[in-house]
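Below are exercises on one protein model, each with a worked solution. Look over the sequence and the structure before starting.

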Amino acid sequence: MPKEVKKQIIVTGIRPTGDLHIGNYLGAVKPLLQTIEKYPDAEIYIFVADLHGLTDNEAATVAKFRFEVVKDYLALGLDKYINTGRVHLFIQSQIGELVSYLSLFLSRYTTFNDLMRVPTLKEKLRANQTEGQANALLGYYPILMASDILIHNATIGPIGQDQLPHLEKTREFGAKFNAEFGEVFTLPQAHSVENLRILSLKGVGKMSKSHPEGALFLSDSEKLVKQKVSRAETATEGTISPNLESLLTIAKEFNVNTAEFLTDHMAGKQVAGLFKKELCERLADFVVNFQKKRATIADAEVMKIIIDGGRAARINATKTLDIVKNVMKFNYIK
Ligand code: TRP
């Protein structure tokens with residue numbers, strides 16, 4: 001029997017953190033671009049999660065970064081897909097009243113205790129030692145995120161393995177709603193890509209904005225990129241360290257040939273300088289090209305893109321929310 005071919009709908013949210021670095025590019029932006037390529041017929045909703053950003057940022061910071069991050073993503077290659085009509089780029093709060101309204105209905109399907117068990121939240125609570133002090137929006141995070149996804153009837157959920165617990169929660173909310181009111185929501189499948197481990201160039205831990213000396217920002221000057229890469233920690237000849245592994249990961253992603261270097265390095269030869277020199281060139285080229293392209297994208301153009309994207313998102317989200325209200329007999333009294 002021929003299987004019904006259902007149109008794929010992909011939804012993904014971007015955190016509104018300013019100052020993207022190479023770790024963000026390799027871990028989030030590149031996988032997103034690959035996903036768009038992998039599903040040439042899919043409808044794709046991509047948004048900057050500014051409401052989520054309020055969990056641990058000032059409103060003014062989020063308001064500033066949300067446009068910058070849209071521009072960054074466009075300059076990193078998303079621009080190519082905007083005119084296809086199947087990629088809708090917008091800012092979450094453009095449909096804020098729709099997603100937050102749906103999230104309120106969904107919030108009935110979980111408990112405070114269960115929310116606190118979502119791994120990403122547990123980590124945040126532990127890391128900040130704010131247990132008991134975290135604002136309620138942190139606990140609400142999985143509910144809002146489920147709403148972001150379900151409101152577009154996504155068939156495919158977030159990108160990145162770290163987001164899988166959220167996808168599970170989303171499916172749980174959708175399934176519970178469907179059990180109560182009929183088949184309203186599509187339960188999204190995971191499209192998980194491996195999260196690359198890009199470490200700080202200096203010392204331990206992941207590459208992060210909070211340790212700028214070990215992070216390669218896309219806004220760094222050519223000179224600074226070269227300086228940072230040439231001073232990056234590697235490992236003594238004949239040995240491997242997490243820092244070196246991370247550098248190799250970056251190198252591979254930028255098509256630097258690592259095989260010869262590794263063989264020589266493991267044989268005890270001093271070849272790190274040469275290897276880093278090539279990596280410097282590639283990364284500096286990348287950053288310079290990115291900055292050049294970014295400078296050609298006008299603010300008005302960004303605004304037009306998100307207005308169009310927001311409009312498409314609103315049409316789709318309104319449809320779902322209307323169905324939800326109807327099955328709950330909560331449609332407006334007119
Ligand atoms: N939680 C995601 C992150 O940390 C951001 C996000 C918010 C998201 N809402 C989403 C991702 C909906 C996918 C779908 O990066």
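**Exercise 1.** Find the residues that Arg294 is in contact with, leaving aside its neighbours within four places in sequence.

*Solution.* Contact means heavy atoms within 4.5 Å. Apart from those neighbours, Arg294 is in contact with Glu68, Lys71, Asp72 and Ala75. Arg294 itself lies in helix H12; helices (H or I, at least four residues) and strands (E, at least two) are DSSP runs, numbered from the N terminus.

Two notes on the source apply to each exercise. Residues are numbered from 1 along each chain as its sequence is written, and side-chain values use heavy atoms, with hydrogens and water left out. The model is predicted, so local features need pLDDT of at least 70 and side-chain atom pairs count only at pLDDT 80 or more, while totals for chains, interfaces and linings use all residues.

**Exercise 2.** Classify Arg294, Lys30 and Lys64 as buried or exposed.

*Solution.* Start with the cut-offs: buried means under 20% relative accessible area, exposed over 50%, and partly exposed in between (1.4 Å probe, protein chains only).

1. Arg294 has a relative accessible area of 18%, so Arg294 is buried.
2. Lys30, in helix H1 (residues 22–38), counts as buried because its relative accessibility is 18%. Not counting residues up to four places away in sequence, Lys30 touches Tyr25 and Glu253.
3. Lys64, in helix H3 (residues 59–82), counts as exposed because its relative accessibility is 55%.

**Exercise 3.** Describe the shell around the ligand: which elements supply at least two residues each, and how do the residues divide by type?

*Solution.* A residue is near a molecule if one of its heavy atoms lies within 4 Å of it.

1. The residues around the ligand include Thr12, Arg15, Phe47, His52, Tyr141 and Asp148.
2. Strand S1 (9–14) and helix H7 (136–150) each supply at least two residues. The largest share, four residues, comes from H7.
3. By type there are six nonpolar, four polar and two charged residues. Here Ala, Val, Leu, Ile, Met, Phe, Trp, Tyr, Cys and Pro count as nonpolar, Asp, Glu, Lys and Arg as charged, and the others, Gly among them, as polar.

**Exercise 4.** How far from an oxygen atom of the ligand is a polar side-chain atom of Arg15, and which side chains lie 2.8 Å from a nitrogen atom of the ligand?

*Solution.* The Arg15 distance is 3.0 Å. A polar side-chain atom of Tyr141 lies 2.8 Å from a ligand nitrogen atom, and an N or O atom in the side chain of Asp148 is also 2.8 Å from a nitrogen atom of the ligand. Taken alone the ligand exposes 360 Å², of which the protein buries 93%; accessible areas come from the Shrake-Rupley method with a 1.4 Å probe.

**Exercise 5.** Work out where the buried residues of helix H11 (residues 259–266) lie on the helix.

*Solution.* 

1. The buried residues of H11 are Phe261, Asp264 and His265.
2. Seen down the axis of H11, these fall within an arc of 100°, so they line one face of the helix. The arc is that of the directions from the helix axis to the C-beta atoms.
3. They pack against helix H10 (242–253) and helix H12 (272–295).

Conventions. Polar contact = N/O pair within 3.5 Å; in protein donor to acceptor, adjacent residues only side chain to side chain.
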